[in-house]
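Here is a short note for a colleague who is meeting this structure for the first time. Please read the points with the model open.

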Amino acid sequence: MNFLESVRVSLRALLANKLRSILTMLGIIIGVSAVIAMVGIANGATAQITSQIQGLGSNLLIVSPGQANSGGVRGGTGSANTLTMNDLPKIEAAGSAVKAVAPSAGRNAQVVYGAGNTSTTVTGTTSEYAVIRSVSMERGRFLTQADVDQYSRVAVVGPTVVQNLMGSADADIVGKIIKLNNVPFQVIGVTASQGSSGFQNNDDMIFVPITTAQARLIGNKYVRQFFIEASSADMMQTAQDEVTIALRQAHKIQAGQPDDFSIMNQAEVLQTMQGVTQTMTMLLGGIAAISLLVGGIGIMNIMLVSVTERTREIGIRKAIGAKGRDILMQFLIEAVILSVLGGGIGIIFGWSGSKLIGRMLNMTASISVFSVLMAFAFSAGIGIVFGVFPARKAAGMDPIDALRYE
Amino acid sequence: MIRLHGIKKIYATGEIEVAALRGVDLEVGAGEFVSIMGPSGSGKSTMMNILGCLDTPSEGEYMLDGVNVARATGNELAVIRNRKIGFVFQGFNLLPRTTALENVELPLLYAGVGGKERKERALEALKAVGLGERVHHKPKELSGGQQQRVAIARALVTKPAIILADEPTGNLDTHSSEDVMAIFQDLHASGNTILIVTHEPDIAEYTRRIVRFRDGEIVGDEQVANPRRALSQEREERGAVS
């Protein structure tokens, strides 16, 4: 008997027991769709986190002040005031791996324009910020070095701020005077919308010269963060080392003493986050794989029952000339059809399921071809592995005993 | 067609050895219509299994259609069963949920006969047993007599060297029994070699030769002088002449 005939015989046997066939497939369907959905969502989460971190800028190092120590109580990272504008030239001169540096100091401020009134973060910085954080302008211009040097009262606003103040993001605000905590600033530009791709809404921001911010808004000379762009991705570690040495020197820290600042390396954070999401992917995939395994055992279980139930049929087939191989093929193909069909349906369910969950969680679930192929190959493999034992049992039956079986 | 020489079959159940057959010699020529009779425990079922190549003898020679099948392996036996033997069982043994036509096609399927020819030959066999109109019925939609006729068609379809029937009328009423025996008589008339195992003397009388078994040995072998002719209304409808 050729292969095609075997498939037809198996299909006929499966169709003769529709309900049982469907219930058997259910295990595989759930298993495969779980694997695909889980891995898809986890991959989507990885991609999202990666793009968020990369959205901060490229080859980015962030220097924050160290921890405050008061009476033995240690504050969190960034709680001390150890960075000032005096550090800026030191960092700029730290080494060849440092391409650009932008300080930032900010606070929340009440913004008023005419009847418009909103509260947002005002960030004091320099012209370099636009380069490092990839800020582009919709209208007007960004801050210049002259603005910083002259303590100019000029402000660059995000589109959300314009929206909140004037009711429309397209409203003409350039050249107008707004008040930040009652200090008048002239608006010189509006940034292009970046969306909220980072950990904050990049559009709900106001940038002013850091000198003006320190003198007029914050009232101290400290810097919250230095954003540093390394010359290339390979040079990030070098840049980090150079900045560390320069700052330790500037702050006169003795050898053996801890740094009074900390440096966040974007590449490291990315790596850590990817490690975390990878573990998550494997965890979810693993749990789903177990359900796939259980589905496979379900197939074996049903096939064994089916072999016993159809003992007489096997006897008849053997009596009229079926070889052991024919019977083996019939039951094996039945198991493979169940698992492959279940796998196929599972892929459809898993795919649509992860799209649905992705939409609900507002993220893109990425279904990789690899995970689909894996799930499919795995379910077909399950059919063979868990089908062989029952099929061998059927093929090995003695026709006389099988015919006598009631 | 069939030549048995010194056939012994010994079953070892634990320490006790039971001899089901103790040296059987038997020859059946082509075109014979033989019944094998004997009480239960006489070894006739064992004989049937060996004749049908479902089992091999412990000792002895079994020539079937010129081939020694006494020492064949499982797969070889399967091929022999498929090519040379047509089975008819007491309990019909049709596949449930499968149409008459598909049931009859089954031996051809295992013989590797292609779809179109398979269907034609199956239809032909079903016509030969008078079931040309009920080919798409499933076994449970057929009467016992009709089911047995499907089984006979299935046995016939491969044009086997012998047709073996094990108590073919055991589950049938007298009317259907006579129908079935009429078919066997017609098949015999058209040249088929037929062996029927039965314990009913009435049934044996329809055949041409009776071989009697007792305690694993042949104790009688006689020709039937005047075989009874099975009368069947169904046979008249088929318009068979014999």
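Predicted model: local features only at pLDDT ≥ 70, side-chain atom pairs only at ≥ 80, totals over all residues.

1. Residues are numbered from 1 along each chain as written, chains are lettered from A and ligands numbered from 1 in the order written, and side-chain values use heavy atoms, without hydrogens or water.

2. Chain A has a domain 1 (3–52 + 271–404) and a domain 2 (83–259). These bounds come from an automatic or database domain assignment. The C-alpha centres of the two domains lie 56 Å apart.

3. Chain B touches chain A through 21 residues, against 24 residues of chain A. Contact here means heavy atoms within 4.5 Å. The two chains bury about 2100 Å², 59% of it on carbon and sulfur atoms. Buried area is the accessible area (1.4 Å probe) lost when two parts are put together, summed over both.

4. Two salt bridges link chain B and chain A. A salt bridge is a side-chain nitrogen of Lys or Arg within 4 Å of a carboxyl oxygen of Asp or Glu. Arg12(A) pairs with Glu102(B) at 3.5 Å, N to O. On the chain B side, helix H2 (74–84) and helix H3 (100–111) each supply at least two of the touching residues. Helices are DSSP runs (H or I, at least four residues), numbered from the N terminus.

5. Arg118(B) forms a salt bridge with Glu5(A), with the closest N and O atoms 2.8 Å apart. Arg118(B) lies in helix H4 (residues 115–128) of chain B and Glu5(A) in helix H1 (residues 3–16) of chain A, so the pair joins two chains.
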